[in-house]
Amino acid sequence: MRQIASRARVSVGTVSHVINQTANVREPARRRVLAAIKHLGYQPSLLARGLRRNQTTIIGMIIPDISNPFFPHIVRGVEDVAYQNSFRLMLCNTDNDVQKEQVYFHELHAYRMAGLIVIPAADSSLGEPNGRGADVPLICIDRKPAGWRGDCITVDNVKGAYEATRYLIEHKHRRVAAITGPLRLTNAQQRLEGFKKALAEAGLPLVPEYIQEGRFERLSGYEKTMVLLRFFPPPTAIFAANDLVALGVLSALRELGLRCPEDVSLVGFDDLEVSAFTNPALTTVAQPSYQMGARAAALLFERLRGTRTQPQHVVLDTVLKARHSVAGPKR
Ligand code: RIB
């Protein structure tokens, strides 16, 4: 700053006003400062600026499973809106580990993030009164921690799962099973609720062993399919609580020498890119993942600009994408 001031023949204060646009500077002086900055190759220290303001222009984002292709689409929505607002993103992955989530949550505060966007891990403590200590805006996406009363962006999981299960029933399936996500998560609970609602509406019995609690992972879909198909009579259709689980179902069917949909019909949830290219192409429930991220970021910037409305729970819609993994039952 002193070198720039000397070269531009102005005070250090004037240099600071030009860099931070904190006051009007006469044009000739402003041009001399900009020329000196260019000549000296000066880069303002964003770290120093953050320290001075006790806040950065960085948004912290915490996601539960970076290996699940569903989440990068949400991150993309957040990052686009942050960039449009001249903010940057710091991304943290918890692997669904609550302790890791707590470490990240407190460190992101220590780094003076301007705001936080969190997709909570199962059993997250963010909703507990002392779990926060948050003095910056915090938006939850996709699932609500127990006790959470702040802003949240989710989809209508009940409606999506209901439509997926009804689609199987409309294809004359009467023995319909579900492989759920971890039922400690609100999105997994809501998808199971939608599944049960469709069965009840059709007057079909709820067979307890046809409901297998899994994890939102491919291996879980494989394992639970092996369990389901050992029952007699076996289910003729499976609702998988996300597309990774559905991929696991397909690999189990292949291993058992069974065909989808001829022997077992299948519907997933998420509409990952890969789901249109599986064999058969997967019927699934599309989530507006990009919009979930973009809406969360937009709400965060409203909070940063001082909007003090009541906390919002925005529920976005889902769409059933019918492809080729569902047909009428063989027997
Ligand atoms: O956490 C895993 C799942 O939750 C994703 O696949 C998506 O369905 C999200 O809602």
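Trainee: Which side chain puts a polar atom 3.1 Å from an oxygen atom of the ligand?

Mentor: That is Asn187, through a polar side-chain atom. A polar contact here is a pair of N or O atoms within 3.5 Å.

Trainee: What kind of model is this, and how are residues numbered?

Mentor: It is a predicted model, with local features needing pLDDT of at least 70 and side-chain atom pairs pLDDT 80 or more, while totals for chains, interfaces and linings use all residues. Residues are numbered from 1 along each chain as its sequence is written, and side-chain values use heavy atoms, without hydrogens and water.

Trainee: Back to the ligand. How far is the polar side-chain atom of Asp142 from a ligand oxygen?

Mentor: For Asp142 the distance is 2.6 Å. Arg191 also places a polar side-chain atom 2.6 Å from an oxygen atom of the ligand.

Trainee: How much of the ligand does the protein bury?

Mentor: The protein buries 97% of the 280 Å² that the ligand exposes when taken alone (Shrake-Rupley areas, 1.4 Å probe).

Trainee: Which residues are around it?

Mentor: The list includes Asn68, Phe70, Phe71, Arg143, Phe216, Asn242, Asp270 and Gln287, besides Asp142, Asn187 and Arg191.

Trainee: Changing topic. Where are the cis peptide bonds?

Mentor: One joins Phe232 and Pro233, with omega about -5 degrees; Pro233 is in the loop between helix 10 (218-228) and strand 8 (237-240). Another joins Cys260 and Pro261, with omega about 5 degrees, and Pro261 is in the loop between helix 11 (243-255) and strand 9 (265-267).

Trainee: What is the phi of Asp270, then?

Mentor: Phi of Asp270 is positive, about 135 degrees, although the residue is not a glycine. Asp270 lies in the loop between strand 9 and strand 10 (284-286), and is one of the residues around the ligand.

Trainee: What about Asp95?

Mentor: Asp95 has a positive phi near 50 degrees. Its loop runs between strand 2 (88-93) and helix 6 (98-110).

Terms used. A residue is near a molecule or strand if one of its heavy atoms lies within 4 Å of it. A polar contact is a pair of N or O atoms within 3.5 Å; within protein, one must be able to donate a hydrogen and the other to accept it, and residues adjacent in sequence count only if both atoms are side-chain atoms. Helices (H or I, at least four residues) and strands (E, at least two) are DSSP runs, numbered from the N terminus.
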